Amino acid sequence: MSDGEQAKPRRRRGRRRGRRAAGPPEHVAADNHAAETETSAGGLVIDNIDGPREAQVAALIGRVDRRGRMLWSLPKGHIEQGETAEQTAIREVAEETGIQGHVLAALGSIDYWFVTEGRRVHKTVHHYLMRFSGGELCDEDLEVTEVAWVPLDELPRRLAYADERRLAQVAGELIELLQSDGPAALPPLPRFAPRRRPQTHSHTRNRRSDEAGPRQSGPRTNGCGPGT
């Protein structure tokens with residue numbers, strides 16, 4: 001084969017690369033232009049919140065990602081129609097961990113982008129500091145692999161995401177304020193009106209794009225009771 005014949009496929013490949021680099025297909029561009037929004041809420045539930053720091057534990061949920069890693073995070077979920085963010089946090093904590101929590105203060109909000117089924121989604125999650133008020137830790141939620149009570153000082157090492165680790169730091173400061181000055185010293189809760197319209201939920205639900213993985217087909221880890 002001559003040199004001239006060899007050069008043609010290289011030029012064709014270069015032109016194809018140039019067309020792809022110029023932009024996505026029209027239908028993908030349209031999907032990206034019409035980005036969707038999702039809003040969720042969750043909580044950091046602390047047991048023995050009035051006791052010494054070394055005795056305080058937080059309820060976390062664990063999910064296995066596509067790489068087989070256990071990723072620990074705060075329980076959270078979509079705000080449903082007719083719910084406020086606080087009501088959602090209480091409900092989602094109960095559904096994902098089996099325990100009840102009482103909202104004390106706002107920890108802050110986290111927002112991020114992900115892509116699912118060709119749609120770009122901007123997600124905002126409101127988090128609350130919560131006092132454990134009853135129930136037994138249990139991982140009956142099918143989207144949760146494991147649940148555990150984790151000592152407060154271990155949260156920076158255990159939580160998978162930096163933004164949630166920052167919320168845990170805020171929680172520690174609020175707990176110190178609660179113990180020193182009482183509940184009245186905590187910042188007032190932000191006001192959220194009940195959601196008027198239902199949301200179009202993505203299949204990833206609470207999970208980020210790198211977090212969602214295949215469901216386990218074998219026996220699930222029993223997380224009922226105290227965690228380790």
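Good morning. By pLDDT I refer to the predictor's confidence in each residue, from 0 to 100. What we have here is a predicted model, in which local features need pLDDT of at least 70, side-chain atom pairs count only at pLDDT 80 or more, and totals for chains, interfaces and linings use all residues. Residues are numbered from 1 along each chain as its sequence is written, and side-chain values use heavy atoms, with hydrogens and water left out.

I begin with confidence. The protein chain has a mean pLDDT of 79, and 73% of its residues reach 70 or more. Over residues 2-32, pLDDT stays under 50, and the model has five contacts (heavy atoms within 4.5 Å) beyond four places in sequence for them. For residues 204-223, where pLDDT also stays under 50, there are 62 such contacts.

I turn now to the interior. A nonpolar core is a set of buried Ala, Val, Leu, Ile, Met, Phe, Trp, Tyr and Cys residues joined through side-chain atoms within 4.5 Å; buried means under 20% relative accessible area (1.4 Å probe, protein chains only). The largest such core has 28 residues, and Leu44 is one of those that touch the most other members. A second, separate core of 17 residues includes Ala41, Ile79, Val93 and Val147.

Finally, is Glu83 buried or exposed? Glu83 is buried, at a relative accessible area of 13%. Its side chain makes a polar contact of 2.5 Å with the side chain of Arg91, a polar contact being a pair of N or O atoms within 3.5 Å; within protein, one must be able to donate a hydrogen and the other to accept it, and residues adjacent in sequence count only if both atoms are side-chain atoms. Another, of 2.7 Å, joins the side chains of Glu83 and Thr88.

Definitions and conventions
Buried < 20%, exposed > 50% of the residue type's maximum accessible area, 1.4 Å probe, protein only.
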